[in-house]
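Student: Can we go through this one together? I would like to start with the overall picture and then go into the details.

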Amino acid sequence: MLVRVDSCAILGVDAYVVEVEVDVALGLSSFTIVGLPDAAVRESAERVRAAIRNTGYDFPWNKRVTINLAPADIKKVGPIYDLPIAIGILAASDQVSREFLDDMMIVGELSLDGGVRSVHGVLPMALCAKHAGKKYLVVPEANTREAAVVEGINVYPVTSLTDVLQLMEDINSVQPTRLDIGNFALDNPAYDVDFADVKGQDHVKRALEVAAAGGHNILMIGPPGSGKTMLARRIPTILPPLNLDEALETTKLFSVSGRLEAGTALITTRPFRAPHHTISAAGLSGGGSFPQPGEVSLAHHGVLFLDELPEFRRDVLEILRQPLEDGHVTISRVAGTLSYPARFMLVAAMNPCPCGFATDPTRTCTCSPSLVHKYLQRISGPLLDRIDIHIEVPRLKDQDLINQPTGETSAVIQARVMRAREIQQRRFSGDGVFCNAHMNAKQIRKFCVAKDDVKDLLRTAINQLNLSARAYDRILKLARTIADLDGAETISLSHVAEAVQYRTLDRKIWG
């Protein structure tokens, strides 16, 4: 007898329906799975046999069992088909009701005793089930909350194969799990850190405020212990809260990569990713035999912090060029070509030299000029041009260290950032752009109009700093953001002057 059970698979950050066709027929005893299964899918035959037997049901030992995973031209990976295969076999052998199968989607991994284990990517699967018109979604209990975020579909958590079989006999005997999106504190995320903890460094805080207001990338240069990492970790606290669409997209990325904590329904804080400098190119951009999101995608809608920037391999850093420009990263493998979103704010930190004390007034630098030059050349000019703000972070004076911090709280800074972002949202309404850093050339010409005195300053900056066309555009974007923080309609001389000084440090250090 032939039975069809709908399941799901992940492709990139989205899911598509996989039809599990189960045929139990007379013939030599066999168990065959076709439809481009990987090793984990092929091994499900042993898990399903043991789970059915240990649950007290009969496996059709003397029959020919054939499983087809359609569409058959896309590779299937992972153990998520264990549960639908088991249900299909029991339905095909008339051991369970098939009444609700047409309206149901099932995902889950089986243990040998019939227990159901969690799987990755349940949130996009729930969205796929809703789009496919399914009424019921059966998921492992550990994945219930992320699936229940999706409205318009009944989510049923199960802990064992027996739970699923009882559900199929009378689906009305169990209440589906539902979550109210309004209960999630998206507008008031909780952070463990605050800018009020930072002593001194007022000019750096101002630069970080400008960066957050316009979504600009920033590079901090200073000696060890000057507070670069401490400042970077507090940037998410002054960024605008995630909206629902951003939270869902961020949660999907963490879900498909298996990094969503058990029991988490929705990520409500902006991601902060800080990979070690030994990370590989695939780890940063994403990849593998079957591509998975990398750090640039996990930082989507958040902050990617690269500490000790020159210590990263040159080829790893060059990977950042595409996502910084396009907001996505494309991965090509034998299994296919996938594109992951990667619209993040790059925050980098580095020492001015290998020993770190070239700009420290209290310590003597022991590096030779050639060694410093070699150290700085690990960062290419094109990558530096894509970083809008370069700011020096000096060592704190003894008095600043002794005194209690007196700076503004993150909430106060965030309020100014959000006012600037609201101006930008009205400006770019309907254009698919949400902050000044993402303006294209046409939008720069339209919204960054400079008066004659401003043009004179820009002309001087171009000649003296030898600015590239990209650096010039980024100065205009920065000036627009600074004007938005001031609530000004037009860009003035002071706005451009502040923007230009954020581009002078790299010329001073790199020449």
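Tutor: What follows goes from the whole chain to helix contacts, cysteines and backbone details. This is a predicted model, in which local features need pLDDT of at least 70 and side-chain atom pairs count only at pLDDT 80 or more, while totals for chains, interfaces and linings use all residues. Residues are numbered from 1 along each chain as its sequence is written, and side-chain values use heavy atoms, with hydrogens and water left out.

Student: How many helices and strands does the protein have?

Tutor: The protein has 22 helices and 18 strands. These are DSSP runs numbered from the N terminus, with helices being H or I of at least four residues and strands E of at least two.

Student: And what does the C-alpha trace span along its principal axes?

Tutor: About 85 × 50 × 45 Å.

Student: What share of the residues is buried?

Tutor: Of the 511 residues, 53% are buried. Buried means under 20% relative accessible area, exposed over 50%, and partly exposed in between, using a 1.4 Å probe and protein chains only.

Student: Let's pick a helix. How many residues of α3 are buried?

Tutor: Helix α3 covers residues 82-92, and eleven of its eleven residues are buried. Among them are Asp 82, Pro 84 and Gly 88.

Student: Which residues of α3 meet α6?

Tutor: Leu 83, Ala 86, Ile 87 and Leu 90 of α3 meet Leu 161, Val 164, Leu 165 and Met 168 of α6. By class, that contact has eight nonpolar, no polar and no charged residues. Here Ala, Val, Leu, Ile, Met, Phe, Trp, Tyr, Cys and Pro count as nonpolar, Asp, Glu, Lys and Arg as charged, and the others, Gly among them, as polar.

Student: At what angle do the axes of α3 and α6 cross?

Tutor: At roughly 55°, and the axes come within 11 Å, with α6 covering residues 161-169. That makes α3 oblique to α6, since angles under 35 degrees count as roughly parallel, over 145 as roughly antiparallel, 65 to 115 as roughly perpendicular and the rest as oblique. The axes are lines fitted to C-alpha atoms, for helices over the stretch in contact, and angles run from 0 to 180 degrees between N-to-C directions.

Student: Is that crossing left-handed or right-handed?

Tutor: The crossing of α3 and α6 is right-handed. A crossing is right-handed if the near helix is turned clockwise from the far one by less than a right angle, and left-handed if anticlockwise.

Student: How do α7 and α17 pack?

Tutor: Helix α7 (202-214) and helix α17 (410-427) pack at about 35°, with axes 8 Å apart. The α7 side of the contact is Glu 209, Ala 212, Ala 213 and Gly 214, and the α17 side is Ile 413, Arg 416, Val 417, Ala 420, Arg 421 and Gln 424. By class, it has five nonpolar, two polar and three charged residues.

Student: Moving on to cysteines. How many disulfides are there?

Tutor: Zero in the whole structure, a disulfide being a pair of cysteine sulfur atoms within 2.5 Å.

Student: Last topic, the backbone. Which peptide bond is cis?

Tutor: The one from Ala 70 to Pro 71, with omega near 5°. Pro 71 is in the loop between β4 (63-70) and α3. Most peptide bonds are trans, and most residues other than glycine have a negative phi.

Student: Where does Leu 36 lie, and what is its phi?

Tutor: Leu 36 lies in the loop between β3 (30-34) and α1 (39-42), and its phi is near 55°. Glu 308 also has a positive phi, about 55°, and is in the loop between β14 (303-306) and α12 (314-318).

Technical notes:
Contact means heavy atoms within 4.5 Å.
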